[in-house]
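Work through the exercises below with the sequence and the model side by side, and try each task before reading its solution.

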Amino acid sequence: MYEKEKQELIKCGMEMLRYGLVSLTGGNVSLRLDDGTFLVTPSAMLYEDMEEDDIVRLDCEKNILEGRRRPSSDTDALLYIFRHKPEVKAIIHTHQPYATAAGLIGDCLPACLTTIIDTAHGDVPVTPFTVSSDEGMGVQTVRYCGASDAVILGNHGVIAMGDSVFSALETAVYLEEGAKAYLAARAAGSVKYLTKEQIEQEDMDRGNYGQQ
Ligand SMILES: [Zn+2]
């Protein structure tokens, strides 16, 4: 069941590698299905080796319904986010270095670039440190995300959320691009920040992006 969706998760993992958001078996991809169950990538497998049968389908109590593998070790955290944020359809977790580095030097990645505002709607919050593979990662994401579609997990990585796998991926990729520019600017001099009004203006849907 859900072959198309399982392929979508594997393809997203390959894109995460391609964009340098993860290395080897790091990170994970998960998706809420229409029947209220979830797909999660398997624990500790290379994305390039994953096949449809390796993707695990489980219910919100973490009972495995389909799949021959153990699900991602972050599954408790992912299910916590899905339970507490019903609008979230897809979550990707990465260890993307630039956004993670921004989290090592501050309490947020400031909304100083259009791409950060377009994807996160403002500053991207940094959560306090929690150990990996613990539900705390999900608890802190829900506590800190506010209106942002992403959080930087303190001393760890990023959680990006969306209404589809692609939109979560898009958020993570643009966040990384923005974090890279921000850190380059910080290393070179002082950063020109935007005002609250400028951020609000940028965050308004002006209806001119995309195809009709
Ligand atoms: Zn991680």
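**Exercise 1.** State how many helices and strands the protein has, and decide whether its radius of gyration agrees with that of a compact globule.

*Solution.* The protein has seven helices and nine strands, where helices (H or I, at least four residues) and strands (E, at least two) are DSSP runs numbered from the N terminus. This is a predicted model, in which local features need pLDDT of at least 70 and side-chain atom pairs count only at pLDDT 80 or more, while totals for chains, interfaces and linings use all residues. Residues are numbered from 1 along each chain as its sequence is written. Next, take the radius of gyration over C-alpha atoms, with the globule rule of 2.2 Å times the number of residues to the power 0.38. Because a compact globule of 212 residues would have a radius near 17 Å, the 17 Å of the protein agrees with the rule. Finally, the C-alpha atoms fill a box of roughly 50 × 40 × 30 Å along the principal axes.

**Exercise 2.** Describe how helix α2 packs with helix α5, giving the angle and the distance between their axes.

*Solution.* Begin with the axes, which are lines fitted to C-alpha atoms over the stretch in contact, with angles from 0 to 180 degrees between N-to-C directions. Helix α2 (residues 75-84) and helix α5 (residues 136-144) have axes 7 Å apart and pack at an angle of about 30 degrees. Then list the residues in contact, meaning that their C-beta atoms, placed from the backbone, lie within 7 Å. From α2 these are D76, A77, L78, Y80, I81 and H84, and from α5 they are M137, G138, V139, T141 and V142.

**Exercise 3.** Decide whether L78 is buried or exposed, and find residues that L78 touches.

*Solution.* First locate L78, which has its place in helix α2. A residue is buried if 20 or more other C-beta atoms lie within 10 Å of its own, exposed if 12 or fewer, and partly exposed in between. Since 29 other C-beta atoms lie within 10 Å of L78, this residue is buried. Leaving out residues up to four places away in sequence, L78 touches S30, V40, S72, I91 and G138. By contrast, I116 lies 38 residues from L78 in sequence, and their C-alpha atoms are 23 Å apart in space. For the whole protein, 41% of the 212 residues count as buried.

Notes. Two residues are in contact if their C-beta atoms, placed from the backbone, lie within 7 Å.
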